[in-house]
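I am opening a notebook page on this structure.

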Amino acid sequence: MTKARILVVEDEPDLREVLKYNLTREGYRVLTAADGATGLRLAREEKPDLILLDLMLPDLDGLEVCRRLRGDQSIGGTPIIMVTAKDEEADVVLGLGLGADDYIPKPYRMKEVVARVGAVLRRGSHDADDDPRQPLRRGPVRIDPARHDVEIDGVSVAFTATEFRLLHFLASRPGRVYERDTLLRRVLGDDAIRVDRNIDVHVRSIRKKLGPHRDIIETIRGVGYRFSDRA
Ligand code: CA
């Protein structure tokens with residue numbers, strides 16, 4: 001089995017080395033860049049399978065690198081995980097808006113980085129919408145779009161149309177973080193933004209119905225929500 005190639009763009013030498021060491025130990029082939037321009041060049045030349053992109057970089061910052069990558073036809077679909085310090089959450093929202101696939105806040109545990117890299121690689125470079133009409137099973141939750149039916153632990157539970165769409169959208173893309181505005185736009189449509197700003201209310205209601213499995217929808221503080229990829 002050919003192991004994926006990961007490009008690590010990180011300006012702190014210690015972190016770069018630790019990431020390289022740990023990802024290599026997991027069997028990945030690791031390329032490194034210490035600044036955004038080098039990262040971009042390597043991404044274009046080497047076409048890695050995934051890019052682990054630090055947000056704060058000395059020259060081009062991570063957001064700009066992300067924007068340019070997404071604008072580049074030849075590598076625009078490469079999964080990107082942003083790595084950010086805690087006080088950069090506003091930038092995370094921007095990054096996800098620019099098409100980053102996930103983000104990892106600093107300080108991180110290496111185990112978490114390895115897990116997220118694995119999860120994003122499994123998802124592939126595009127949204128894994130197989131057949132959106134097919135029933136979906138995620139752990140204790142089964143969603144049947146054709147029958148508009150949700151079963152939790154084998155028991156049918158009534159969901160409103162909005163809750164259903166929101167749950168189905170998130171569950172179709174486990175592990176992927178969505179900011180609130182994106183969820184509103186993608187799930188409720190453009191009109192919804194004017195009448196219904198508050199995605200949190202819907203999430204709260206869904207969680208109530210999920211009962212003991214409520215944590216399957218994770219809150220990403222300062223950003224939005226994701227459906228757990230451990231379900
Ligand atoms: Ca940095």
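The entries below record what I looked up in this model, which is predicted.

**Entry 1. The parallel sheet**

I began with strand order. I found an open sheet of 5 strands in the order β2-β1-β3-β4-β5, and its pairing is parallel. The edges are β2 (29–33) and β5 (102–105); each has a single partner strand, so one side of each is left without a neighbour in the sheet. From one strand to the next the twist averages 20°.

Next I went through the pairings of β1. I noted 5 bridges between β1 and β2, which run parallel. Val-8 has Thr-32 as its bridge partner in β2. Toward β3 I noted 4 bridges, and β1 and β3 also run parallel. On that side Val-9 is partnered with Leu-53 of β3.

I then asked how many residues of β1 are buried. The result was 5 of the 5, so β1 is largely enclosed by the rest of the structure. Sorted by face, Arg-5, Leu-7 and Val-9 are on one side, with Ile-6 and Val-8 on the other, and both faces are covered.

**Entry 2. Helices across the parallel sheet**

Helix α3 (residues 62–70) lies across β3 and β4 (80–84), and its direction is at about 170° to β4. Helix α5 (residues 110–123) lies across β1, β3, β4 and β5. I recorded its angle to β5 as about 180°.

**Entry 3. Val-30**

Is Val-30 buried or exposed? I found it buried, because its relative accessible area is 14% and the cut-off for buried is under 20%.

I listed its contacts, leaving out residues up to four places away in sequence: Val-30 touches Ile-6, Val-8, Lys-20, Leu-23 and Thr-24. Of these, Ile-6 and Val-8 are on one side of β1 and are buried. I also took the C-alpha separation of Val-30 and Ala-4, which is 8.6 Å for residues 26 apart along the chain.

**Entry 4. The calcium site**

Which residues coordinate the calcium ion? I found Asp-11 (OD), Asp-54 (OD) and Met-56 (O), at 2.1 to 2.3 Å. Along the chain the donors follow the spacing D-x42-D-x1-M. Asp-11 lies in the loop between β1 (5–9) and α1 (13–25), while Asp-54 lies in strand β3 (residues 50–54), so the pair ties together parts that are 43 residues apart in sequence.

I checked the accessibility of both aspartates. Asp-11 is partly exposed, with a relative accessible area of 28%. Asp-54 is buried, at 2%.

**Entry 5. The antiparallel sheet**

I moved on to another sheet. It is open, has 3 strands in the order β10-β12-β11, and its pairing is antiparallel. Its edge strands are β10 and β11, each pairing on one side only.

I counted bridges on both sides of β12. Strand β10 (residues 178–179) is joined to strand β12 (residues 224–227) by 2 bridges. Strand β11 (residues 217–220) is joined to β12 by 4 bridges.

The hairpin of β11 and β12 has 3 residues between the strands, and in it Gly-222 takes a positive phi near 80°. Helix α9 (residues 199–210) lies across β11 and β12 and runs at about 145° to β11.

**Entry 6. Rings**

I searched for aromatic pairs and the count came to 1. How are the rings of Phe-169 and Tyr-178 arranged? I recorded their centres 4.9 Å apart and their planes at 65°, so the pair is edge-to-face; the cut-off for that class is over 60 degrees. Both Phe-169 and Tyr-178 are buried.

Arg-173 lies over the face of Phe-169, 4.0 Å from the ring centre. The charged end of Lys-3 sits over the ring of Tyr-28, at 5.0 Å from its centre.

Conventions. Residues numbered from 1 in each chain as written. Predicted model: local features only at pLDDT ≥ 70, side-chain atom pairs only at ≥ 80, totals over all residues. Heavy atoms only, no water. Phe/Tyr/Trp six-rings, centres within 6.5 Å; stacked < 30°, edge-to-face > 60°. Buried < 20%, exposed > 50% of the residue type's maximum accessible area, 1.4 Å probe, protein only. Lys NZ or Arg CZ within 6 Å of the ring centre and 35° of its normal. Pairing = 2+ DSSP bridges. Donors = N, O, S within 2.8 Å, 3.2 Å for Na, K, Ca; no water. Axes fitted to C-alpha atoms, helices over the stretch in contact; angles between N-to-C directions. Contact = heavy atoms within 4.5 Å.
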